[in-house]
Amino acid sequence: MRHKVDSGTSWGSVVGYSRAVRIGSLVEVAGITAALPDGGVVGGRDPAEQAREAVGRVHGGFFADIRPVTTMVEVSRLIAPELLVEIEATAVCADGS
C-alpha cells in the first residue's frame, strides 16, 4: 500500500510530487524542516561558506557514527526565498509495518 503525504499547497498536484511517500516499511521524505544553530559561525566571511560549514556541523552531529552516503550541493536559491536548506531522507520503519 502506498501512503502519500501532501505538501499542503497546490504544487503537489500541479508538479506531481508528495512531501513524503511510504510503501511498506520504506519511507522517502523530502523537505525536512530543521533549524540550524547560528552559534559558532565566524562573521565577516562569505555567507554561502558560513552556511556550508553550519550545515556540515549539524549533519556531522547527527551522523558522525553512521556516516551515510550524502551529497551537498550549493545552488543560488531554493524555490521560496525563506528556504535556506533542503533535506531529503530515506528511512525504514523499525516495526516493519
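User: In strand S3, which residue is the bridge partner of Val21?

Analyst: The partner of Val21 in S3 is Glu28, where strands are DSSP runs of E with at least two residues, helices are runs of H or I with at least four, and both are numbered from the N terminus. This is a predicted model, in which local features need pLDDT of at least 70, side-chain atom pairs count only at pLDDT 80 or more, and totals for chains, interfaces and linings use all residues. Residues are numbered from 1 along each chain as its sequence is written, and side-chain values use heavy atoms, with hydrogens and water left out.

User: How many bridges join strand S2 to strand S3?

Analyst: In general, strands of a sheet pair through backbone hydrogen bonds, either parallel or antiparallel. Here S2 (residues 20–23) and S3 (residues 26–30) are antiparallel over 4 bridges, and two strands count as paired if DSSP finds at least two bridges between them. S3 also pairs with S4, again in the antiparallel sense, over 5 bridges, and Ala30 stands opposite Glu88 of S4.

User: In what order do the 4 strands form the sheet?

Analyst: The order is S1-S2-S3-S4, in an open sheet with antiparallel pairing. The edge strands, each pairing on one side only, are S1 (2–5) and S4 (88–92). Along the sequence, the protein chain follows the pattern β-α-β-β-α-β.

User: Why does S4 lie largely in the open?

Analyst: A residue is called buried under 20% relative accessible area, exposed over 50% and partly exposed in between, using a 1.4 Å probe and protein chains only. Of the 5 residues of S4, the number buried is 0, so the strand lies largely in the open. Over the protein chain, buried residues make up 8% of the 97 residues.

User: What share of the contacts with a separation of 6 or more in the protein chain comes from residues 24 or more positions apart?

Analyst: A contact means heavy atoms within 4.5 Å. Among contacts in the protein chain with a separation of 6 or more, residues 24 or more positions apart account for 41%.
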